[in-house]
Amino acid sequence: MAYDQNVLRSCFCHALSEMYKKEVPLYGDLIDVVWEADAQAVQKSKNMEGNGVINPDDVLPARHRVERHGAIRLGTAYELNTIRRMFSVMGMYPVGYYDLSLAGFPMHATAFRPDTKEALDKNPFRVFTTVLRMDLLTERTRKLAQKALAERQIFTPRLLALLDIAESRGFLTPDQCTDLISNGLETFRWHSKATITLEEYEQLKAEHPLIADVVSFPGSHINHLTPRTIDIDLVQQLMSDHGMPVKERIEGPPKRSCPILLRQTSFKALEETVYFKDTSGLYVKSSHTARFGEVEQRGFALTRQGRQLYDQILDRVNVTAVKNNLKGKAYDKLLEDRFKEFPDNLSELHDLGLGFFTYQLTPLGHRLANEGVLLSEEQLSPISLQDLLKRQLLTYEAITYEDFLPLSAGGIFNSNLGSVSQSKQLIMSADPDLDGFQRLLGTCVADEFHLYTDMQQKSLEICRQKLQLKEIMV
């Protein structure tokens, strides 16, 4: 009996969300705020008047309400490789490489997520997964980190046994799926008792707070879960209105008619009680700041050409901002002004090759296909995509961006960290290390551009077959 990866992923995502809601009640409040914002945004978009509130679940795509991304931080190759195995059982695979040294963090990352349109439509659960770069730590801190990480086991024996079963047999029974979810949750559960002394914690934190967060605990606690909204600017305002400790600005591109890539904001990390061992082995009370609540608005996926234009504009914005010490609203104004260079309507994004799209037959296209009217190579040879669009036989829609922006993630992390040490400059001068990361992972990461291209090509191939064409020239 084969198990359904999509169902297993959905069940795990729901269980993780319920656990995090209990651990961080403010996350539950954030879910309510997102629902409120989406309801208002839908109401406004439909020009509805009166007191009746539209349920966004009745209007938005089915995946929208359940959509979450989480984030965890790991310390070793073993931990990263085992997480890869666990997520693989749920139909989640490593996509993209993120060099976080750019933002001053001694770590790099990938995102585990479904890699097909069909699986994403079922449940697009993603986990942004970072691992320490030991080569970017000072020798003293590296030795302490390696010792502490070697002494912990973040996976239950039962989880490891279930992974062996899934890999060797190719299936899990319903009871084993239930066990996988409950044992998998233990890896992400919060622990208030640290595995190191307070003195060691302070040493790690002095070099970089994220090192302390990765190394100090017996598990890789989930540090945020992120719902998706259709109006992040409204969520930002409502979070402030509800008295949440919201960060000062939204990360990512400015607000646009055609949203691109990803915009994110968060409430600031909580200061939570933690107990550390002292030299006599007794626990002493202190605190740790790591977990926060994040919300995102996803836009359209950009091609390499589109991403290059995005990065060029953002680089110029950041150079000007540093030169003129622009922050907050001044930075946002500069960002908005400069991004007027980036086309902001769907047809331009399509015709200039800046975005990825899927193609479908129009009603006319369906009628011709159903009536058996052939657009044969004798009649219309050769035929191009532009010809089919011009004849209104095909239409298109933008593909959603399913991935992350390292500088935006850095902006979120930084807003929850406070000051960091001078070692940040040393970290920021480091080169990316994709090969080293893939060695830790035990496999290659997928190129997100290839996945979007594949989605686009598959949709075009379906259209070609329905219209009985030999070839559609792009």
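Two strands count as paired if DSSP finds at least two bridges between them. The close-up views below all come from a predicted model.

**View 1. An open sheet of three strands, in the order E5-E8-E9.** The pairing in this sheet is mixed. Strand E5 (193-197) and strand E9 (283-289) form the edges, and each of them pairs on one side only. Averaged over the sheet and with direction ignored, neighbouring strands are turned by 45° against each other. E5 and strand E8 (residues 271-277) run parallel and are joined by two bridges. Thr197 has Lys277 of E8 as its bridge partner. Helix H9 (residues 198-207) packs on the sheet and touches E5, E8 and E9. The direction of H9 makes about 85° with that of E5.

**View 2. An open sheet of five strands, in the order E2-E3-E4-E1-E6.** Here, too, the pairing is mixed. The edge strands are strand E2 (93-99) and strand E6 (224-227), each of which pairs on one side only. Between neighbouring strands of this sheet the average turn is 20°, direction ignored. Strand E1 (residues 68-74) pairs with strand E4 (residues 126-132) in the parallel sense, over six bridges. Within this pair, Ile72 has Thr129 of E4 as its bridge partner. Helix H1 (residues 5-23) packs on the sheet, where it touches E1, E2 and E6. The direction of H1 makes about 115° with that of E6.

**View 3. Helix H20 (residues 434-441) and its buried residues.** Gly436, Phe437, Gln438 and Leu441 are the buried residues of H20. After H20 comes Gly442, whose phi is positive, near 90°.

**View 4. Strand E11 (residues 357-361), largely enclosed by the rest of the structure.** Four of the five residues of E11 are buried, so the strand has most of its residues covered in this way. E11 runs antiparallel to E12, and five bridges join the two. Gln360 stands opposite Thr395 in E12.

**View 5. Asn183 in helix H8 (residues 174-188).** Asn183 has a relative accessible area of 13%. The cut-off for a buried residue is under 20%, so Asn183 counts as buried. Leaving aside residues up to four places away in sequence, Asn183 touches Thr156, Arg158 and Leu159.

**View 6. The second largest pocket, with a volume of about 1000 Å³.** Its lining is made up of 37 residues. Those that lie nearest the centre of the pocket are Arg228, Ile230, Pro259, Arg298 and Phe300. By type, the lining residues divide into 15 nonpolar, nine polar and 13 charged. Helix H2 (25-45) supplies five residues, the largest share of the lining. Among the other elements that each supply at least two residues are helix H3 (62-66), helix H5 (117-122) and helix H11 (232-241). Strand E10 (293-298) and strand E12 (394-398) also supply at least two residues each.

Conventions: Residues are numbered from 1 along each chain as its sequence is written. This is a predicted model: local features need pLDDT of at least 70, side-chain atom pairs count only at pLDDT 80 or more; totals for chains, interfaces and linings use all residues. Side-chain values use heavy atoms; hydrogens and water are left out. Buried means under 20% relative accessible area, exposed over 50%, partly exposed in between (1.4 Å probe, protein chains only). Contact means heavy atoms within 4.5 Å. Axes are lines fitted to C-alpha atoms, for helices over the stretch in contact, and angles run from 0 to 180 degrees between N-to-C directions. On a 1 Å grid over the protein atoms alone, a cavity is a set of points where a 1.4 Å probe fits but cannot get out, and a pocket is an open set with protein on both sides within 12 Å along at least five of seven lines; lining residues have an atom within 4 Å of a point. Grid points are joined across faces, edges and corners, and a volume is the space filled by probe spheres set on the points. Ala, Val, Leu, Ile, Met, Phe, Trp, Tyr, Cys and Pro count as nonpolar, Asp, Glu, Lys and Arg as charged, and the others, Gly among them, as polar.
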